[in-house]
Amino acid sequence: MAMRGDRITLTTDIEALGHRHHAGDQGTVEEMHTGGGLVVRMDDGRHNFPTQDEVITEQR
């Protein structure tokens with residue numbers, strides 16, 4: 001389960017706010033929501049909103 005501050009890698013393509021991030025793109029979790037939703041700041045500076053099922057979390 002991803003926690004705030006964790007580094008993640010997308011496992012699928014996701015479009016958010018008019019921009020598409022691709023599987024393999026990475027970012028940092030900023031917020032977690034009930035139901036598994038995440039707010040992630042991707043490495044390109046844009047936000048994305050994957051679910052827990054759409055990311056791999058790097059080990060701490």
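Biologist: What pattern does the protein follow along the sequence?
Modeller: Reading along the sequence gives β-β-β-β-β-β-β. There are seven strands and zero helices; both are DSSP runs numbered from the N terminus, helices being H or I with at least four residues and strands E with at least two.

Biologist: What kind of model is this?
Modeller: This is a predicted model, where local features need pLDDT of at least 70, side-chain atom pairs count only at pLDDT 80 or more, and totals for chains, interfaces and linings use all residues. Residues are numbered from 1 along each chain as its sequence is written, and side-chain values use heavy atoms, leaving out hydrogens and water.

Biologist: Where is H21 found?
Modeller: H21 is in strand β3, residues 19-21.

Biologist: Is H21 buried or exposed?
Modeller: H21 counts as buried because its relative accessibility is 2%. Buried means under 20% relative accessible area, exposed over 50%, and partly exposed in between, with a 1.4 Å probe and protein chains only.

Biologist: Which side chains does the H21 side chain join in polar contacts?
Modeller: The H21 side chain has a polar contact of 3.1 Å with that of D44 and one of 2.8 Å with that of N48. A polar contact is a pair of N or O atoms within 3.5 Å; within protein, one must be able to donate a hydrogen and the other to accept it, and residues adjacent in sequence count only if both atoms are side-chain atoms.

Biologist: Changing topic, how many of the 60 residues are buried, as a percentage?
Modeller: Buried residues make up 30% of the 60.

Biologist: And what does the C-alpha trace span?
Modeller: About 30 × 20 × 20 Å along the principal axes.
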